[in-house]
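Dear colleague,

I am handing over the structure below, together with some notes on what was found in it. Please read them with the coordinates open beside you.

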Amino acid sequence: MRVLGVDPGLTRCGVGVVEGVAGRPLAMHGVGVVRTPADAELGQRLVAIEQGIEQWLDEYRPELVAVERVFSQHNVRTVMGTAQASAVAMLCAARRGIPVALHTPSEVKAAVTGNGRADKAQVGAMVTRLLRLDAPPKPADAADALALAICHIWRAPAQNRLQQAVAQNRFQQAAALHASKAAAQQAPSQAPKPAPNHAPKGRTA
């Protein structure tokens with residue numbers, strides 16, 4: 001599985017491509033950031049992010065795009081910018097029919113380091129070790145993008161099993177409901193039939 005990880009941000013949008021399967025060594029195919037000038041208009045910055053992500057999709061042809069799930073922070077302005085960049089990444093993938101997966105920062109940290117509260121230095125160090133790199137990718141946004149891709153590759157088998165179990169359960173429930181409706185339609189009516197009226201007919205004058 002080849003996954004493009006996207007660490008969304010308006011000024012620096014981290015991107016990284018990792019290929020592999022759970023339980024086997026992983027390989028990095030590319031890492032970097034899509035940058036936009038802070039003094040540019042919002043619309044222009046979003047277009048620049050779109051163009052940058054499209055270039056990565058064209059070059060690396062990922063099978064899936066993993067994006068960091070935006071969560072609430074104290075800085076509302078930062079959250080808005082992150083959410084907008086995240087939406088652009090999802091739009092680019094959806095337009096090409098590429099599945100998108102969302103992972104929270106704590107999920108990514110726990111998957112990569114074993115600690116959901118790990119700092120960026122710890123994440124970068126583990127990404128370097130797991131991908132057998134000479135040095136941690138910089139800036140940290142780039143390392144976070146690789147961590148997102150790694151997280152999804154490792155979590156995908158468990159998620160697929162869960163989705164299959166949910167789908168199977170829904171199928172069984174639908175089949176049971178259909179069977180009960182069919183049985184109800186075939187069952188004879190239990191309502192009592194009206195008794196025949198044997199009263200004598202009245203005489204006419």
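Asp-141 is buried, because its relative accessible area is 14% and anything under 20% counts as buried. Please bear in mind throughout that this is a predicted model, and that the values in these notes were computed from it. Asp-141 sits in helix α5, and, once residues up to four places away in sequence are set aside, Asp-141 touches Asp-7, Arg-12, Gly-14 and Val-33. Along the chain Asp-141 and Val-6 are 135 residues apart, yet a distance of 8.8 Å separates their C-alpha atoms.

Cys-92 belongs to helix α2, which covers residues 76-95, and, leaving out neighbours within four places in sequence, Cys-92 is in contact with Glu-50, Ile-53, Glu-54 and Leu-57. For one of these, Glu-54, the separation from Cys-92 is 38 residues in sequence and 6.6 Å in space, taken from C-alpha to C-alpha.

Helix α3, made up of residues 105-113, has Pro-105, Val-108 and Val-112 among its buried residues. When one looks down the axis of α3, the buried residues fall within an arc of 65°, and therefore they line one face of the helix. Just after α3 comes Gly-114, which takes a positive phi of about 85°.

Which residues have a positive phi although they are not glycine? One of them is Arg-61, with a phi of about 50°, found in the loop between α1 (42-60) and β4 (64-68); Arg-61 is exposed, because its relative accessible area is 57% and the cut-off for exposed is over 50%. Another is Arg-132, which has a positive phi of about 55° and lies in the loop between α4 and α5; with a relative accessibility of 53%, Arg-132 also counts as exposed.

The loop between α4 (120-130) and α5 (140-186) also holds Pro-139, and the peptide bond that joins Lys-138 and Pro-139 is cis, with omega at about 0°.

Methods:
Residues are numbered from 1 along each chain as its sequence is written. This is a predicted model: local features need pLDDT of at least 70, side-chain atom pairs count only at pLDDT 80 or more; totals for chains, interfaces and linings use all residues. Side-chain values use heavy atoms; hydrogens and water are left out. Helices (H or I, at least four residues) and strands (E, at least two) are DSSP runs, numbered from the N terminus. Contact means heavy atoms within 4.5 Å. Buried means under 20% relative accessible area, exposed over 50%, partly exposed in between (1.4 Å probe, protein chains only). The arc is that of the directions from the helix axis to the C-beta atoms.
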